[in-house]
Amino acid sequence: MNFWFDTSLTTQDVAQQLLGCLLIKETEEGLTSGFIVETEAYLGEIDKAAHSYGLRRTPRLVPMYQSAGTIYIYTMHTHHMLNIITKEPDNPQGVLVRAIEPFQGISLMEERRGRFGVELTNGPGKLTKAMNINKEDNGTSIGASPLYLSSKERKMPKKILSTPRIGIPNKGKWTEEPLRYIVEGNPYTTKAKKKAVSNSGWI
DNA sequence: TCATTGATGTTCT
DNA sequence: GAACATCAATGAC
């Protein structure tokens, strides 16, 4: 089930397909995993919010120009962000994973984060720290890495909500473009509602 | 060498 | 719930 390698799908399609997928990271300390509940699509050449806008090429962006399924770790300050490349080589598009719902290895995540509950993984920098995702994963393929997607286990979102992306002001129409996808009602998303936590958003 | 970057966690109310 | 200080890697110069 390597549908995320299907480059005939648009990046927006892949971003929605990834919701509910089980993301797994294996380390010496143990295994952690979680279901993806929030993603953002970045459309590369035409997308002013993407690093690869205008087909810019810098050393950091090398993984974005590789084939679908390549993992691109965007490091900023002390935080890492997890991206998955969606298109063929030299077409630098990708999906940013912004939040997951913890599944396995929760106590290990708590230890790494020093936080509990929804604070474990309800943000792009949080989930990478909880799962110990770092630059060693950068440029590797999601099919051959300690960081991978489960092909067996996944959930299906009851409803997918699309909203404008976060943290990209002054990018013209790209600021408003609804390229962020979340599992509606899931408490582990970036702007989780306090109410209706009883509904986790899965079928 | 330096300006830019943006999520996090704390603090304030 | 809102506002802000903080952190270090990147890339332009």
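Helices (H or I, at least four residues) and strands (E, at least two) are taken here as DSSP runs numbered from the N terminus. The model is predicted.

**Serine 145**

- With a relative accessibility of 15%, serine 145 counts as buried, because the cut-off for that class is under 20%.
- The side chain of serine 145 forms a polar contact of 3.5 Å with the side chain of threonine 140.
- Leaving aside residues up to four places away in sequence, serine 145 touches Ile71, Asp137 and Thr140.

**Helix H2**

- Helix H2 spans residues 106-113, and its buried residues are Leu108, Met109, Arg112 and Arg113.
- The packing partners of the buried H2 residues are strand S1 (21-27), strand S2 (30-42), strand S5 (94-104) and helix H3 (124-130).
- Glycine 114 follows H2 and has a positive phi, near 70 degrees.

**Surface near DNA strand B**

- The residues around DNA strand B are Met76, His77, His79, Met81, Arg113, Arg115, Gly123, Pro124, Gly125, Lys126, Ile166 and Gly167.
- By class, the residues of this surface divide into four nonpolar, five polar and three charged.
- H3 supplies three residues, the largest share of the surface near DNA strand B.
- Strand S4 (79-85) and H3 each contribute at least two residues to this surface.
- Sugar or phosphate accounts for 70% of the atoms of DNA strand B within 4 Å of the protein, and bases account for the rest.

**Individual contacts with DNA strand B**

- Histidine 77 approaches a base: an N or O atom in the side chain of histidine 77 is 2.5 Å from a base nitrogen of DNA strand B.
- Arginine 113, one of the buried residues of H2, has a polar side-chain atom 2.9 Å from a phosphate oxygen of DNA strand B.
- Proline 124 contributes through its backbone, with an N or O atom 3.4 Å from a phosphate oxygen of DNA strand B.

Notes: Residues numbered from 1 in each chain as written. Chains lettered and ligands numbered in written order. Predicted model: local features only at pLDDT ≥ 70, side-chain atom pairs only at ≥ 80, totals over all residues. Heavy atoms only, no water. Buried < 20%, exposed > 50% of the residue type's maximum accessible area, 1.4 Å probe, protein only. Contact = heavy atoms within 4.5 Å. Near = heavy atom within 4 Å. Polar contact = N/O pair within 3.5 Å; in protein donor to acceptor, adjacent residues only side chain to side chain. Nonpolar A, V, L, I, M, F, W, Y, C, P; charged D, E, K, R; others polar.
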